[in-house]
Structures are given as structure tokens and as C-alpha cells.
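Have the model open while you read.

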Amino acid sequence: MNNTNKEIWVYAEQENGKLAGVVFELLSEGRKLAAKSGYTLCAVLASANGKPMHQELFNYGAKKIYNVEDPRLEIYQNDYFSKVVYSLIEKETPEIVLYGASTIGRSLAPTVAVMGWAGLTADCTELDFDTERQCLLQTRPAFGGNIMATIICPDHRPQMSTVRSNVFKKERVSEHETGEVVDVKIDLSGIKERMKRVESVIEEVNTVDLKAADYIVSGGRGVGSPENFKVIEGLANALGGAVGASRATVDAGWISHHHQVGQTGKTVCPLIYIACGISGAIQHLAGMQSADLIIAINKDSDAPIFDVADFGLVGDLHQIVPEFTKQINALRS
Amino acid sequence: MHIVVCIKQVPDSDKVTIDRETNRLNRAGVPSIINPFDENALEMALQLKDKHGGKITVISMGPPQAEEALRTAMSHGADDAILISDRKFGGADTWATSYTITLALKKLTEPVDLILFGKQAIDGDTAQVGPGVAHFFGVPMITYAKSCEVTDAGFRVQQVTDHGYNVWDVEKPAALTVVKEANSLRMPSLKKKMASKKAVIPVWGVEQLQPDETKIGLAGSPTKVNKVFAPPVKLNKEILSGEPADMVKELIYKLREKKVL
């Protein structure tokens, strides 16, 4: 591990020639790590046709792109993509590799880690570089988010992490950055095709996209019943936002899992997150803590949700939320 | 058809709290359960067995008390169980865990057609062991499976994606991780519950699995825990109380002051 290449790689996940949003978030965070470590920030792009995506990768801070093209890389298939990424790692020996914790990343990263006896830390919420020990500090919630743990990887390289979307903010450097493109050929002809995608369906979920919403109003056990979610919807509509929910309410069948926010649901990053009747089992907090501003409404003034709130309203949500809706509507009319 | 379901015994994380003064988990009295997603994997196996026959083996790696989770799985309908347990396996991260479970799979005498995992465990939430085992064992892996049907050559699997779903044809043997939307676990039967209590569950440790000892437990784990701490608490918070109308009025005033509304 002493002879590694001083590089930080971001796996540039793409589908149909479109880069995933999390790639830009990882590059933006990767720049900070690069500045602190002195390593070079690079993107790894495996696709059927990578060139049209290069400019955007440079614009978000990649100094170098490892570009692997092959018709077999048209759609994601774990056997091909893990072979590509692992071959590149073997050849170039980077220090750090970051992946989005998407369906693809959560399949690719563990496979690559096993192939190379590399350390992999899932769902990091904070990354930092320890200049003294020259290692990546990977912080993540554990035990359903009840505690935070900082993980290091002292003796194995590369150090690899996955990060969910919306955990880091994306920030473009400029619109005309330049960098180096390294074209790499990797022979995939020897890999037997063990699985074949026969269909890919994009579903229109009939809910406002939680990940894109500026305002999210979420309900927890304190909402009391499925019918009472109307109160939550009322405020979400008045604000032009989306409805979120805690795991308890989803498990109880009060609302569909599409609404679930938390460690096992969606990670969201709205301008304002309003938690109504949510105690704040940190499994939930892990999914919304990066909201710009958090408002908690709860009867129990000791509820842990108040620990992360900017504003706490102690009282009955069934009175406060309709009042909130009324005053917002009055303001907007 | 021989289906192996890998399950993990976990503390019910909804009931775990943290002591803010010592930064330790209050685990006393917190019940142990089968990881909820592993229940979906088990039910998927049971449904495949209902339709096509065969045998279900459940495997768990953990301390001796994980045997309880295996007996529970048998009360729901699993036929056989194996516990992977040895002090030397302690402290394993997902890499070393994947390696160790794979050794157990290789030791099974009956050929395996399908290996099922829950999509992730609720204590670690890593979702890494399924794909890790699949690679070590040398079988194709499909994550986030919602359904699985038997085909001539293997399986047709619906995979939940970030925006919808994919349908895959995968050859057997294969490995899948299963999502909650797939199903919900049936009730245990009284007869099976009685039988599960008497079942003999073999325990496989270092002696039985003959691992490369540099690849197990803490020593075989590339990742180490550097520090554990309580989630941060916001300091500049404002707590309002009183009449709902007044609280809301004050809140809206402050939000507008901050220009977020």
C-alpha cells in the first residue's frame, strides 16, 4: 500500500449516457478531500460512449477521467462493471474510491471490495482526511442511526466509501474546466454473460418527488391514524411541498413506503423539514439531518427530534399543524 | 431446488437508545429479532418451495444465541439450519463476514440453486454481505429483488431501482437480496414451532470451516472502528410553547426573517 497512486476516484455512475446526480455531489466533496490530502481528484467512467459526459465531470472538479468504453457497458451489469472498476484499481492503485449508494453503487462497490480485499464503508454522512495518519475518516450512522461511527481502513487500499444522494451538496467549479482523459481498454470478452436485463421500467410514482422538494412535511406515530395524514398533506400542499413519513407509520401501513424518510427510506435535503409527531428515532434523523432548517412539532418536549431541530414547537400537532396551514394560506392569498 | 437463506440476528434498532452522557447504547432489555429484511428473504424462499418443492437451509453467523433466530426461521418453515459461530470470527467487518459465510456455503453437501439475503441488516445497514458472498461463491448477484420466478435456465427477477424496476433473467445458481415490498413473512405453524425446538443445529467454527485465519474476525477486516459518538445536537435551537396560533405566528415571523419562507 506504500506505492499507491495519490488519487481520489469518484465512480461516475451513468445510465443511458446520463450521469447520476450523486456523482456531482461526490466530486464536490472529493475536491475538499483533494485539497486537504494533496491527492488528485479523478472520475472513472464506464459506458458505451463516454465523451459527451466528460465536460460535466471536469466542471465539477475532476482533473482526470479514466474513460472505459465498450458496447457491453451500455446497461449496468454487475459482472462487467465490477471487472472494469477492479481492473482499473489493480492497474492504477488509487488511495480512495467513492461511489453513490444507489442501486448500482450498492451492488458494484461491495463486489469490487471483495475482489480486492479493500475496506468499504457504506452510507457515509461525513468524509474527512486525517493528514497525520494519511487516511480517510469515514463517518456513518450505525444501529439504525442511534450512534455515529468513524471508520478507518489502516492497512488496505483503496479506501472505499458509498454515499447516498443528497448528503453532500453539489457545487460546480465553472462551466469550462479542463482536464486529462485517459482512455483504457479492458477486455470483457472472457466474461460469461450470466444475467441479462430483459426490461427496464421507469415508474411514475404519484407522489411529489421527496428528493427534489424544497419543503417536506413528515408525519410520525403521533399522527395517530392513516386518515390523520390529511392534516400533514394539508400543510405540505399549502407550502407546495411533499409528504414524508417515519418508518413506524409505513410499517403500520398508514402510508406507502414511497414516503419513508430515514436510514432505510429516502435521504432528503429540503430547505425546510417539518417533523410532526415524530419522536426522532435516529433511524429517521439519518435521512433528514442535512435539511437546511428543521422544525419539530411534538407533544413530548423530551423527544430526541428536538435535539436536531432549529425550531421546536411543543404541543399537539392536531392543533398546531392545521393552524400552520391556515396561516400559510392566509399569507399566500 | 435447494435454497439457502442467510439471516442475521439483530437488536430491534427502533428500541435502542443512546445514553447521552456515556455515548453508549442502552442495549439492556432490547429484544433480539431476525433482521426484518431477512424475513422477506425467508418468505420468498418459502413461496418458491410451496410452488416448486425442495429444501430450505437457513444460515446465520453470530454469537451462540443467534441459534434462537435459526429456530424461529424453522418455525416459519425452513427445513435445516446451520450456525456459524466461533470466538475467532468476532469483530468481522463485511469483508471478513462475506468470506466466512462463503466457506459455510461451500461446505454444504447438497448443491445450492439460490442464495437469498435481506437487502440489508438494520443494525449495520451496509447491504454489503450479500454481494460479497455472491462474488466469493462465484454466482451472479441481483440486489433489491421484489419477486423471483423459476425459469428453465434459472430465475426471472424483478429488481427495484431508484426510479422503477428492472427485470433480469439470471442463470442458476444465483444470489439475490430481497426488499420489504416483496412479501411479508407468514405466521409460524404450531407443529413446526414444536419441531424447531427439538431440531439439532450444527455449529460450524474454525475447526469445521478451516478458514485462512488471516481473513477472519477483526484481523481479516480491512475496516476498523476509529471512534463512536452520539449524533450531534443542534445548539442554537429555539423551543416555542404556548397557544398554537401564537406559536405558529412567531414561527412564521422567524422563518420570514430568515428568508426561507
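1. Start with A:Val44. Setting aside neighbours within four places in sequence, its contacts are A:Trp9, A:Tyr11, A:Ala12, A:Tyr66, A:Val85 and A:Leu88. Bear in mind here and below that this is a predicted model.

2. A:Val44 belongs to the largest nonpolar core, which has 128 residues. A second, separate core has 52 residues, among them A:Ile278, A:Met288, A:Phe306 and A:Phe324.

3. Next, have a look at strand E9 of chain A, residues 135-142. Of its 8 residues, 6 are buried, so the strand is largely enclosed by the rest of the structure. With strand E8(A) (residues 126-130) it pairs antiparallel over 5 bridges, and A:Asp128 sits opposite A:Leu137. The two strands make a hairpin with 4 residues between them, and A:Gln134 in the turn has a positive phi of about 55°.

4. E9(A) also runs antiparallel to strand E10(A) (residues 147-152), again joined by 5 bridges. There, A:Arg140 has A:Ala149 as its bridge partner.

5. Which strands make up the open sheet with parallel pairing? There are 6, ordered E15(A)-E14(A)-E16(A)-E17(A)-E18(A)-E15(B). E15(A) (242-245) and E15(B) (238-241) stand at the edges with a single partner strand each, so one side of each has no neighbour in the sheet. On average, neighbouring strands are turned by 20° against each other, direction ignored.

6. The link between chains in that sheet is worth a look: E18(A) (residues 311-314) runs parallel to E15(B) and is joined to it by 4 bridges, with A:Val314 partnered by B:Ser241. Helix H5(A) (residues 229-239) packs on the sheet, touching E14, E15 and E16 of chain A, and its direction makes about 175° with that of E14(A).

7. Then there is the open sheet of 10 strands with mixed pairing, ordered E13(A)-E11(B)-E10(B)-E9(B)-E12(B)-E8(B)-E1(B)-E6(B)-E7(B)-E13(B). Its edges are E13(A) (195-202) and E13(B) (203-204); each has a single partner strand, so one side of each lacks a neighbour in the sheet.

8. Finally, two helices of chain B. H2(B) (residues 67-76) lies across E1, E6 and E7 of chain B, at about 165° to E7(B). H3(B) (residues 94-107) packs on the sheet, touching E1, E6, E7, E8 and E13 of chain B, with its direction at about 145° to that of E6(B).

Notes: Residues are numbered from 1 along each chain as its sequence is written. Chains are lettered from A and ligands numbered from 1 in the order in which they are written. This is a predicted model: local features need pLDDT of at least 70, side-chain atom pairs count only at pLDDT 80 or more; totals for chains, interfaces and linings use all residues. A residue is buried if 20 or more other C-beta atoms lie within 10 Å of its own, exposed if 12 or fewer, and partly exposed in between; C-beta atoms are placed from the backbone. Two strands pair if DSSP finds at least two bridges between them. Axes are lines fitted to C-alpha atoms, for helices over the stretch in contact, and angles run from 0 to 180 degrees between N-to-C directions. Two residues are in contact if their C-beta atoms, placed from the backbone, lie within 7 Å. A nonpolar core is a set of buried Ala, Val, Leu, Ile, Met, Phe, Trp, Tyr and Cys residues joined through C-beta atoms within 7 Å.
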